Amino acid sequence: TVASTGIDLSDAFAFTGTVTGAGSHEKLHSITASNGDSDITFNSTYLTSTYDKYFFTFQNILQTNDDNYFIARLSFDNGSNYISSSNYQKVSFEGEQGTSGNATSSRYASAASYMMLTGSSSGHGNASDEAANAHAYFHNDNVHYKSLSFMGNYRYTGGQHVGVYSNHVLKTNQTDRCNNIKFYFNSGTIVSGKITLYGVRQ
């Protein structure tokens with residue numbers, strides 16, 4: 001029983017169900033990859049009209065091959081087709097530790113075929129995305145573009161640590177709702193890792 005004067009939290013509480021309404025972020029789903037998975041995909045079960053904004057967390061995404069990019073593509077028909085033509089725009093900035101004198105770099109794209117979230121990362125045995133997160137805006141209107149902002153870190157070829165921020169916009173299709181997003185590497189498969197999806201209440 002909850003008294004009108006407040007709740008006594010001095011006892012221990014165990015929550016066994018899904019708790020909603022207690023904050024701005026509601027956990028919707030987590031996917032833990034198995035060795036050999038080609039991608040990690042969130043479909044229309046979780047990307048619905050309830051939210052326009054989503055938050056992703058990435059934990060220790062490992063890949064099979066060296067020198068690959070961690071990328072994403074969007075779908076408006078729940079994965080039957082992914083936007084793969086030159087419809088993505090990108091601005092990204094990276095700081096590389098361990099290079100001669102350290103280094104920063106920037107990348108831009110006006111007609112990319114996918115969202116390139118990271119640069120070329122070292123492979124099996126090194127975490128490509130050790131502590132990353134992303135905000136996605138999938139507005140269902142004819143005003144806002146679908147966009148994703150990614151921030152995290154990974155291991156560059158040669159073992160250097162890299163911090164990255166990349167922002168991506170789908171320059172077409174403002175009207176339909178994005179109901180599927182696929183994360184994967186441009187070559188090879190995933191060894192392990194976990195991505196968690198949250199819906200963000202406005």
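Author: A contact means that heavy atoms lie within 4.5 Å. The model discussed here is predicted. Among contacts in the chain between residues at least 6 apart in sequence, 77% join residues at least 24 apart.

Reader: What makes residues count as buried, and what percentage of the chain does so?

Author: Buried means under 20% relative accessible area. By that criterion, 41% of the 202 residues of the chain are buried.

Reader: What makes a set of residues a nonpolar core, and which members touch the most others in the largest one?

Author: Its members must be buried residues of nonpolar kinds, such as Leu, Ile and Phe, joined through side-chain atoms within 4.5 Å. The largest such core has 36 residues, and Phe42, Phe56, Phe58, Ile181, Phe183 and Ile195 touch the most other members. Strand β3 (residues 53-63) supplies the largest share of this core, four residues. Leaving aside residues up to four places away in sequence, the residues that Phe42 touches include Phe56, Ile181, Phe183 and Ile195.

Reader: How do you know that β2 and β11 pair?

Author: Pairing requires at least two bridges. Three bridges join β2 to β11 (residues 180-185), and the two strands run antiparallel; therefore they meet the criterion. Thr41, for instance, has Lys182 in β11 as its bridge partner.

Reader: Why are β2 and β7 said to stand at the edges of the sheet?

Author: The open sheet has four strands in the order β2-β11-β4-β7, with antiparallel pairing. β2 (40-42) and β7 (115-116) each have a single partner strand, so one side of each is left without a neighbour in the sheet.

Conventions: Residues are numbered from 1 along each chain as its sequence is written. This is a predicted model: local features need pLDDT of at least 70, side-chain atom pairs count only at pLDDT 80 or more; totals for chains, interfaces and linings use all residues. Side-chain values use heavy atoms; hydrogens and water are left out. Buried means under 20% relative accessible area, exposed over 50%, partly exposed in between (1.4 Å probe, protein chains only).
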